[in-house]
Amino acid sequence: MQGTSNENAYRYLTQPEVRFLDAAVARLIPADELGPGAKEAGVACFIDQQLASAWGTHGRNYRMGPWPEGTLQQGFQSRFTPQEIYRAAIRETNVHCIKQHQKPFEFLTPQQQDEVLHGLEDGGIELESLPAKLFFSLLHRNTMEGFFADPMYGGNRDKVGWRLIGFPGVAAASYNDHIEEHNVPYRVEPVSILDIQEGRVKVDSQGYPKHAMLGQTKPE
Amino acid sequence: MTAAKLNPVDVVVVGTGVAGSILCKELAGTGLKVVGLERGRMIDPQHDFAMPYAHDELKFDRHSDIFQNLSRETITFRNSLNEMALPMREMGSFKPGECVGGTAAHWGTHTRRFLPWDFETRSRTIERYGKSQIPEDCTSQDWGITYDELEPYYDQFEHLYGVGGKAGNLNGEIQPGGNPFEGPRSREYPNPPAPMTYAGSLFAKAAESLGYKPHVSPTAAMTQAYLNPYKLMLGQCVRGGFCSSHGCAMGAKASPLTTVLPALLKHKDFELRPLSNVIRVNLDSAKKRAVSVTYLDARGREVEQPADLIILASYTFNNTRLLLLSGIGKPYDPVANRGVVGRNYSYQSSGKVALFFEDKVFNPFMGGGARGTSIDEFNGDNFDHSGLGFIGGAYVAVSSSGAMPIRNTAVPPGTPRWGSDWKKAAAHYYSRNFTIALHGGSQSFRTHYLDLDPTYRDTNGLPLLRMTFDWSENEKRMSAWITNKAAEIAKAIGPSKMSVDPTAGHYSIVPYQSTHNIGGAVMGADPVTSVVNKYLQSWDVPNVFVVGGSAFPQNSANPPTGTIGALACWAADSIKDLYLKRPGALL
């Protein structure tokens with residue numbers, strides 16, 4: 001989180017869990033020639049903030065039993081909350097890694113890490129207390145959220161997710177002037193809610209920012 | 001616990017969404033004392049939807065506190081009668097609202113009238129093709145009201161909500177630029193159509209080359225500043241995205257919050273009670289007359305509010321559930337094929353063709369509301385169904401609703417879900433893709449219905465509503481056939497890559513599809529197959545009216561909001577002009 005001092009303050013996750021997540025999300029969205037990946041974007045910090053929020057205990061979900069497994073079409077039916085899923089699944093995935101490779105996940109080679117992630121994704125790896133697919137789908141979803149949500153939630157640092165795809169963030173009030181310019185890329189410095197909260201970007205009387213246009217130097 | 005009994009009022013309206021707000025406003029103007037009960041919280045758009053917080057995808061699209069709080073009450077779901085229904089534990093396929101303004105506080109502003117055929121599905125199908133065209137076990141039926149009867153009320157609602165569009169049929173005369181397949185309208189839309197987006201114009205050109213008649217999709221996101229008949233001013237939409245799932249920071253999205261409530265709250269004869277969750281309609285001993293409603297107030301106290309007239313105007317699910325919990329009307333039994341409450345639940349089908357380009361950039365974050373371009377050749381019975389093995393259809397559209405990065409970062413088929421190749425594709429294609437979508441109808445069937453769940457309960461100890469629903473062969477055949485037509489248009493546009501996905505397999509409650517759930521308390525001309533008559537009045541308890549999507553006997557391909565609004569205007573007039581003059585069953 002730009003401008004704040006708590007970008008490494010974790011409220012729910014333990015340090016070994018943070019190391020696991022940093023390593024895992026770096027494989028889901030790697031740093032490469034296109035720019036920073038999910039680790040650099042602070043996705044582990046985003047996940048921690050989410051887990052420490054009401055969502056982490058499924059505060060708005062229906063939580064009463066009984067709990068039969070159900071069909072795929074019936075959706076999420078686990079007794080576990082997101083907090084419990086991450087806690088159990090990280091530990092159990094590391095147990096698997098130590099058994100297979102004598103090392104926890106974060107010390108495996110990138111290729112070994114990808115194999116483990118694929119095993120979680122397709123259920124090839126069995127975890128003791130919950131379906132591996134359940135953990136992977138949550139990790140994948142939260143990684144995408146953390147890469148693309150407003151930076152005020154701890155991820156998408158320096159708006160790297162938005163820069164990657166060309167998303168301008170908080171809209172300007174002037175799109176009507178551009179919407180009929182067909183096939184003309186609108187490239188601007190993205191603006192986040194955090195930018196406005198922290199006074200880095202000024203807004204008009206209705207609260208809309210003015211976008212700073214970028215030169216058309218980016219490769220198409 | 002003994003309920004606190006309040007002084008009687010003339011009218012109680014349950015729900016303050018599209019239907020409830022209009023009914024409150026129209027009846028509060030007659031001198032009657034009207035109370036609106038809303039289970040959700042009060043919304044002040046200037047506060048709740050203020051910039052820049054309104055442009056927070058995670059908060060509004062993922063964790064919204066203006067969606068129904070499932071920790072208190074949800075529905076249970078199963079595909080078929082022989083499964084055990086399980087609770088919908090997290091929000092997915094649809095997003096019912098829970099606040100003053102209802103689901104329309106966060107709707108997507110798609111406003112199309114239903115086709116004349118939609119109101120007379122059964123009789124017109126038999127008339128054109130014979131009885132054998134109706135699928136086995138299909139319970140689609142006529143509404144007991146026709147398009148022509150409802151036309152003045154569509155007109156009233158569209159002017160209330162400031163809909164922008166171009167008429168395609170003015171009093172029977174086909175108009176260039178509009179949708180030539182729509183039912184005749186008595187006058188133009190109150191606002192002009194939006195300009196076409198780049199994606200919409202590519203679609204229009206390709207559709208035209210294949211002989212179709214593309215038109216700008218009507219929208220209730222203001223295409224210019226607009227003063228509505230309740231003297232409320234709506235701002236022009238700035239096409240900043242963050243529209244569907246979100247409240248509008250500009251007050252440019254027509255909703256109860258912008259088009260009705262500020263005027264309604266000025267009535268001295270009207271009282272709004274938010275955080276008041278109605279759990280029952282109380283009947284007299286003969287069960288022929290409703291005497292009051294019981295609700296839980298903000299502090300959880302049971303309150304009884306007596307009233308002469310009780311109008312259920314909440315979401316499809318809640319209207320049906322309140323009837324079942326109150327013992328109004330005979331519950332539907334799909335095995336015996338008897339009863340009516342819960343019968344003819346339906347949804348909407350879909351289908352999509354995703355197009356990816358190398359050399360075209362769409363600035364997909366610009367847009368909002370229903371901005372887009374549509375064709376109606378394959379909607380309803382606008383084409384010859386002989387030999388096709390299905391009834392009904394879909395409109396086909398490209399919508400530029402404002403692509404948000406979590407929800408709308410699309411990659412071409414065959415791209416891995418993660419890793420460097422995913423990242424490369426996301427970076428390249430986010431702004432270089434769009435979707436041609438089918439918005440499909442869904443006919444009603446004997447085994448698709450709503451009832452009370454035998455196992456799961458809400459936090460008040462009352463049974464949850466149970467949904468039994470799956471895609472029928474009719475909808476799957478229809479979607480496959482029309483998705484092929486959409487793919488032909490896509491090929492004429494010429495993307496570098498495309499994917500084609502009709503509605504197939506089993507219906508799933510997991511991915512978001514639409515908040516277009518309908519039926520359960522359907523209207524009709526025959527009490528054996530309907531819960532309410534053509535005036536939306538209960539056949540069994542004449543001082544109860546049930547207004548909303550719950551009244552649709554089957555689903556049109558077109559979005560439901562315009563028709564819910566028109567039915568509310570029609571019911572309000574029926575109550576004012578007929579019922580209040582002679583309270584009793586309207587025949």
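Me: What makes a residue of this predicted model count as buried?

Reply: A residue is called buried if 20 or more other C-beta atoms lie within 10 Å of its own.

Me: Which residues of α1(B) are buried on that criterion?

Reply: The buried residues of α1(B) run from Val18(B), Ala19(B), Gly20(B) and Ser21(B) through Ile22(B), Leu23(B) and Cys24(B) to Lys25(B), Glu26(B), Leu27(B) and Ala28(B).

Me: Why is helix α1 of chain B called mostly covered?

Reply: Burial requires 20 or more other C-beta atoms within 10 Å, and eleven of the eleven residues in helix α1 (residues 18–28) of chain B are buried; therefore the helix is described as mostly covered.

Me: How many residues does each chain bring to the contact between chain A and chain B?

Reply: Chain B contributes 58 residues and chain A contributes 55 residues. On the chain B side, at least two residues each come from elements including α3 (57–62), α7 (198–209) and β19 (449–457). The largest share, five residues, is supplied by α12(B).

Me: What is the make-up, by class, of the side of chain B that touches chain A?

Reply: That side has 29 nonpolar, 19 polar and ten charged residues.

Me: What makes domain 1 and domain 2 of chain A count as being in contact?

Reply: Chain A is divided into domain 1 (15–163) and domain 2 (166–220), whose C-alpha centres lie 32 Å apart. Contact is judged between residues, by C-beta atoms within 7 Å; six residues of domain 1 are in contact with seven residues of domain 2, and therefore the two domains of chain A touch. The domain 1 side consists of three nonpolar, no polar and three charged residues.

Terms used: Residues are numbered from 1 along each chain as its sequence is written. Chains are lettered from A and ligands numbered from 1 in the order in which they are written. This is a predicted model: local features need pLDDT of at least 70, side-chain atom pairs count only at pLDDT 80 or more; totals for chains, interfaces and linings use all residues. Helices (H or I, at least four residues) and strands (E, at least two) are DSSP runs, numbered from the N terminus. Ala, Val, Leu, Ile, Met, Phe, Trp, Tyr, Cys and Pro count as nonpolar, Asp, Glu, Lys and Arg as charged, and the others, Gly among them, as polar. Domain bounds come from an automatic or database domain assignment. A residue is buried if 20 or more other C-beta atoms lie within 10 Å of its own, exposed if 12 or fewer, and partly exposed in between; C-beta atoms are placed from the backbone.
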